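Hello,

The structure we talked about is below. My notes on it follow.

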Amino acid sequence: MGFKVAVVGATGNVGREMLNILEERGFPVGEVVALASRRSQGTEVSFGDRTLKVKALETYDFSDTDIALMSAGGNVSKEWSPKIGKQGCVVIDNSSAFRYDPEVPLIVPEVNPDAIEGFSKKNIIANPNCSTAQMLVALKPLHDAATIRRVVVSTYQSVSGAGKEGMDELFTQTRAVFVADPVEAKKFTKRIAFNVIPHIDVFMEDGTTKEEWKMVAETKKMLDPKIKVTATCVRVPVFIGHSEAVNLEFEKPITADEARDILREAPGCLVIDKHEDGGYITPIESAGEDATYISRIREDSTIDNGLNLWIVSDNLRKGAALNTVQIAELLVARGLIQPKQKAA
Ligand SMILES: NC(=O)c1ccc[n+]([C@@H]2O[C@H](COP(=O)([O-])OP(=O)(O)OC[C@H]3O[C@@H](n4cnc5c(N)ncnc54)[C@H](OP(=O)(O)O)[C@@H]3O)[C@@H](O)[C@H]2O)c1
């Protein structure tokens, strides 16, 4: 007996990773269906050692599908997730379309698994923004120990966070620089090759960007509405792996040694923190891995109860596909979903 799972956006960066992770973790699937836009109909994607022919979302009937893992962008999700949910198929959505809806749980399984219980109101569960997901995996155990009052975070976000077009642009521009061709910026607002861009998503009225706002709103929804968060989100010329420099102010005293011990035991966290050359993680080492890595744990002597951390994770995995599959696993583990089609 297994679940019928549809991956929507199966030809994209996150969708392909979802297929890999479903297979790697042995999710109990009876059938997996790959869906994308009409443009991709008939193309093939891998699922373990099998190949799946991609079907078009717009002609697919979800009535006998149990779970839809959505990673086809906000507009597609806004149109399709409510329709799919009404057909009795649980949607786990990677876009920001439903993250702030009070009737839609926003889940990182290591942080707020109990919030999943409310999913049946709309049959939609939201997956957080990639930068927030990895940050909260590291912050949750520290918050439980000493109560975080304020977070100051600067991100160093890879181009894969902007989809396959983002990766193509870094590759094409880098090659153009080497062969002295003109460098064209299409996906990003300025050249990304050998550069950094302090702008992700649209600008808000107060001068912050939507990506920065998401980190604030999602931390409050998932971890604690009382935490103050201020963020600066920056795109860097890295293909995979988001990094974050995080400054934390706690209510209660906590030393760097205590934080290191707590994080060593915390689910999803891996501490790499030697005070020597190379004794820390960089994004290239996080690519293809599941852990949220924490390095450079140190006290901030300029404030009471302050710590600094360096947090790195694969944005396509913990930031998106892995977290989505973990949410599906949570549904199954808690008996909140049963396969519609029983084994004959
Ligand atoms: N990348 C990250 O780090 C990350 C992290 C968290 C969340 N997310 C979210 O995950 C989603 C996908 O991101 P991505 O990086 O995988 O993007 P991507 O590589 O650009 O892939 C987009 C996918 O959506 C499909 N799609 C586009 N329009 C469609 C339509 N009208 N109907 C059906 N399918 C359609 C594409 O199919 P075609 O190939 O047929 O065009 C493709 O499979 C976005 O909502 C993004 O915000 C991404």
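Packing of two helices

Helix 3 (residues 130-146) packs against helix 5 (residues 210-222) with the axes 9 Å apart and at an angle of about 45°. That angle makes helix 3 oblique to helix 5. Axes here are lines fitted to C-alpha atoms, for helices over the stretch in contact, and angles run from 0 to 180 degrees between N-to-C directions. Angles under 35 degrees count as roughly parallel, over 145 as roughly antiparallel, 65 to 115 as roughly perpendicular and the rest as oblique. Helices (H or I, at least four residues) and strands (E, at least two) are DSSP runs, numbered from the N terminus.

On the helix 3 side, the contact (C-beta atoms, placed from the backbone, within 7 Å) is made by Ser131, Thr132 and Leu136. Helix 5 supplies Lys214, Met215, Glu218, Thr219 and Met222.

The model is predicted: local features need pLDDT of at least 70, side-chain atom pairs count only at pLDDT 80 or more, and totals for chains, interfaces and linings use all residues. Residues are numbered from 1 along each chain as its sequence is written.

The sheet

There is an open sheet of 6 strands in the order 5-2-1-6-7-8, with parallel pairing (two strands pair if DSSP finds at least two bridges between them). Its edge strands, strand 5 (55-56) and strand 8 (124-126), each pair on one side only. Strand 1 (residues 3-8) runs parallel to strand 6 (residues 67-70), joined by 4 bridges.

Helix 2 (residues 74-86) lies across strands 6, 7 and 8, at about 155° to strand 7 (90-93).

Regards

Methods
Contact = placed C-beta atoms within 7 Å.
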